[in-house]
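Hello,

Here is the structure I promised to pass on. Please open it first, then read my notes below.

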Amino acid sequence: MDNLLLFDDPAIRGSLLPFTFTRPVADIRVGILKISEKWRVHLGAEISYLTQKYLKDRFQRKPGTQLAINGAWLPNEQAIACLKQLKENQALFFGKTLLASYIGETEKNLDSAKEKEAIQLDFDPVLIQKSSTIFQLNGAEIASDFKLITEGRESALITDPHTKVYAPENIFIEPGAVIRAAVLNAENGPIYIGKNTEIQEGSLIRGPFALCEGSTVNMGAKLRGDTTVGPFSKVGGEISNSVIFGYSNKGHEGFLGNSVIGEWCNLGADTNTSNLKNNYASVKIWDYTKGSFADTGLQFCGLMMGDHAKSGINTMFNTGTVVGVGANIFGGGYPRNFIPSFSWGGREGMSTYQFHKFKETAIAVMARRKVEWTKKDEEILHWIFELTKTYRIWETSS
């Protein structure tokens with residue numbers, strides 16, 4: 001399997017918005033790695049993508065016949081063993097969900113999988129089928145990825161005499177990490193500390209936990225289990241069972257729980273997220289596929305925030321809030337539970353965050369991480385700006 005093609009399942013992609021506005025399904029991070037990175041490590045294969053047309057310049061497809069795999073499928077030993085037995089005249093299904101098939105260079109060949117010999121998977125696959133699944137599966141995926149990327153390797157040593165460690169056999173430190181006067185408790189799950197990271201004084205960390213390359217944990221942070229901080233991010237305050245994709249900041253006090261935060265986001269000082277309703281009822285969140293709120297069946301569910309979204313200081317997000325791409329939220333009180341992409345405002349009302357103003361901010365934010373805003377960035381995000389107009393109801397009513 002030299003080449004793998006990870007495809008977006010249309011039935012699943014819509015349920016993963018707003019995160020899949022800006023990326024293929026397989027580019028979602030859950031655990032330590034992105035889904036695509038898991039497949040690459042498991043199979044040692046080159047990865048390409050079959051995704052939305054406006055994303056294809058960034059997430060390209062390699063030529064030739066390839067094994068196409070559902071980008072929402074998380075690999076494990078059972079999945080790998082099954083795929084290695086799959087023949088070119090066969091297609092692998094779980095119920096009606098296509099999991100894998102060999103296809104040629106034209107996209108329509110994905111539909112031809114229905115004409116092949118249908119093989120039904122005889123075990124339940126691990127699938128990311130909606131946004132809340134990302135944080136639900138995160139603890140188990142941290143443990144799985146931890147074993148995958150650390151087995152047979154030796155951890156760097158913790159040399160700081162003021163750092164306290166519990167279950168050191170479950171902790172792996174990459175080169176270049178700096179840890180000062182912290183408490184790392186891996187009794188309930190592994191702790192992975194990526195290269196060139198920093199954990200500052202007074203930080204309390206419980207596993208399962210992952211801190212990816214180049215990220216910082218600020219002084220006094222309280223980081224509970226099942227949490228991932230993606231690369232080149234800064235976190236502080238209290239975080240529980242949440243996934244931050246990367247290049248984002250939650251550097252100050254405030255609680256974030258049972259949440260997923262995209263890339264290039266910033267949560268202002270004392271931003272707080274409710275993850276439990278006062279009446280302990282199950283949480284409803286915005287479902288893009290239905291155009292309405294849908295019951296998650298979960299008692300705990302916090303904030304789903306798309307890429308490039310921002311919140312001002314003291315922002316309060318209610319239980320099960322969905323924030324679209326490029327939104328800028330501020331002001332007192334609770335904003336609405338569904339905030340469309342490129343919104344500007346809060347509880348007192350919303351207007352459109354005009355694209356040229358958004359672009360100015362995005363360029364400045366990315367420059368701080370020494371990342372250049374490119375023509376591809378502009379094309380993709382402008383497409384999303386136009387695509388999401390229908391959700392900004394004040395534009396159509398004005």
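In this predicted model, helix α6 meets helix α7 through Phe355, Phe358, Lys359 and Met366. On the α7 side, the partners are Asp377, Glu378, Leu381, His382 and Phe385. By type, the residues of this contact are five nonpolar, one polar and three charged.

Now look at how the two helices lie. α6 covers residues 355–368, and α7 covers residues 375–387. Their axes are 12 Å apart, and the packing angle is about 140°. Angles over 145 degrees would count as roughly antiparallel. The two helices are therefore oblique to each other. The crossing of α6 past α7 is right-handed.

Next, the nonpolar cores. The largest has 64 residues. Which of them touch the most other members? They are Trp39, Ile69, Trp73, Leu83 and Ile134. A separate core has 34 residues, including Cys265, Leu267, Phe317 and Val323.

Leaving aside neighbours within four places in sequence, Trp73 is in contact with Ile35, Trp39, Ala79, Leu83, Leu92, Leu99, Leu121, Pro125, Val126 and Leu127.

Last, find Asn275. It sits in the loop between β27 (272–273) and β28 (284–287). Is Asn275 buried or exposed? Its relative accessible area is 13%, so Asn275 is buried; the cut-off for buried is under 20%. Beyond neighbours within four places in sequence, Asn275 is in contact with Phe255, Gly257, Asn258, Gln299, Phe300, Cys301, Gly302 and Thr319. Val322 is 47 residues from Asn275 along the chain, and their C-alpha atoms are separated by 12 Å.

Best wishes

Technical notes
Residues are numbered from 1 along each chain as its sequence is written. This is a predicted model: local features need pLDDT of at least 70, side-chain atom pairs count only at pLDDT 80 or more; totals for chains, interfaces and linings use all residues. Side-chain values use heavy atoms; hydrogens and water are left out. Axes are lines fitted to C-alpha atoms, for helices over the stretch in contact, and angles run from 0 to 180 degrees between N-to-C directions. Helices (H or I, at least four residues) and strands (E, at least two) are DSSP runs, numbered from the N terminus. Angles under 35 degrees count as roughly parallel, over 145 as roughly antiparallel, 65 to 115 as roughly perpendicular and the rest as oblique. A crossing is left-handed if the near helix is turned anticlockwise from the far one by less than a right angle, and right-handed if clockwise. Contact means heavy atoms within 4.5 Å. Ala, Val, Leu, Ile, Met, Phe, Trp, Tyr, Cys and Pro count as nonpolar, Asp, Glu, Lys and Arg as charged, and the others, Gly among them, as polar. A nonpolar core is a set of buried Ala, Val, Leu, Ile, Met, Phe, Trp, Tyr and Cys residues joined through side-chain atoms within 4.5 Å. Buried means under 20% relative accessible area, exposed over 50%, partly exposed in between (1.4 Å probe, protein chains only).
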